[in-house]
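Good morning, and thank you for coming. Please look at the structure on the screen while I describe two parts of it.

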Amino acid sequence: MAIVVKGADVAGSIKEDIRVRITELEKNGKKPKLMMISVGDDPANASYERGILKVFGELGIETEKTVLDAGISQEGFDEAFTGVNEDSSITGILVFRPLPKPLSIEFAAKTIDPRKDIDCMGYYNQAALSMGRKDCYYPCTAEAVIRFLKYEKIDLAYKNVVVIGRSIVVGRPLVSMLISENATVTCCHTKTRDISDRISNADIVVTAAGSRALLKGEMLKNASPNLFCIDVGINMREDGKGICGDIDFETVEPLCEKITTVPGGVGSVTSTLLAEHVVRGAEQM
Ligand code: NAD
């Protein structure tokens, strides 16, 4: 039976460190504060926001939300963003994306203060990440995957890692981060001919596709006996009762040494990393 690596355990170790850092900040009269910006009230953001408020409340980090009118103009959005960006009490900014059409994130991505860019939305942090720098902010979900591997003390040198998904928020940055950790990485996506073939010599598989039961046991026949499968996907369950990931847990789990679940996996670490980044923002101010 595979070891289920729990998000709560990984997040717990990060929270311990965050508490120490907040105490240090307080000694220096500094205070972390998150500003969330949303355009309209998209219910798709509600569960992410609930998770954020829970973690930040637990850690005693202040949060505020700016809700802009769904019909706001580009100039209006850019102006509101600039106000938040220039507010010295804010140490981290999270813009709920994607913005409703026809709004563009371009101006915000170009102008965001890199110290407040806690989810790697801006061009400075994105460029630094793809150059392999380790002193920039990483997108929280992709970083959560790396933290699972670190928590399990897995050295990625000489490891074959397959990432399924190539979006700019999860798959692509994760590929860069894994390469920086010395892994040998294969990225699969909707135009990959035979994913089973790509997985055949994997030590680690990360699913970040948003496709229920995408990874099945039958695809892992020749995989490593030490296989670790990490599920980033969030999908509605077939019966409509709650969420599930991209991994068909029943058939994949018996073939793994380690595995994560949805819920209870990557999601809980994502919001904790957001808190860590807001604290880091305060340290840099
Ligand atoms: P996205 O839709 O932007 O990208 C999905 C990627 O997966 C694409 O590159 C696509 O090519 C690939 N893909 C989709 N179906 C595939 C298939 N059948 N075979 C191979 N490749 C396939 O999504 P995203 O924003 O990258 O998010 C990916 C998943 O992760 C979603 O389920 C999302 O809800 C979830 N997510 C979870 C967290 C978290 O904190 N746990 C955070 C962000 C996103």
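**The ligand and its surroundings**

An oxygen atom of the ligand is 2.9 Å from a polar backbone atom of I234. Please keep in mind that what you see is a predicted model. In T190, a backbone N or O atom lies 3.3 Å from an oxygen atom of the ligand. For G210, the corresponding distance, again from a backbone N or O atom to a ligand oxygen, is 3.5 Å. How much of the ligand's accessible area does the protein cover? On its own, the ligand has 850 Å² of accessible area, and the protein covers 69% of that.

Let us now consider the surrounding shell as a whole. The ligand is surrounded by 21 residues, of which the closest are R166, S167, G210, I234 and T270. Sorted by class, this shell holds 10 nonpolar residues, 10 polar residues and one charged residue. Which helix gives the most to the shell? That is helix 10, residues 266-284, which supplies three residues.

I turn next to a pair of helices. Helix 1, residues 7-27, packs with helix 2, residues 46-59, at an angle of about 50°, and their axes are 10 Å apart. Helix 1 is therefore oblique to helix 2. On the side of helix 1, the residues in contact are K15, I18, R19 and I22, and they meet V55, E58 and L59 of helix 2. The residues of this contact comprise four nonpolar and three charged ones, with no polar residue.

Thank you for your attention.

Note on methods:
Residues numbered from 1 in each chain as written. Predicted model: local features only at pLDDT ≥ 70, side-chain atom pairs only at ≥ 80, totals over all residues. Heavy atoms only, no water. Axes fitted to C-alpha atoms, helices over the stretch in contact; angles between N-to-C directions. Helix = DSSP H or I, 4+ residues; strand = E, 2+ residues; numbered from the N terminus. Parallel < 35°, antiparallel > 145°, perpendicular 65-115°, else oblique. Contact = heavy atoms within 4.5 Å. Nonpolar A, V, L, I, M, F, W, Y, C, P; charged D, E, K, R; others polar. Near = heavy atom within 4 Å. Polar contact = N/O pair within 3.5 Å; in protein donor to acceptor, adjacent residues only side chain to side chain. Areas by Shrake-Rupley, 256 points an atom, 1.4 Å probe, with all protein chains shown as cover.
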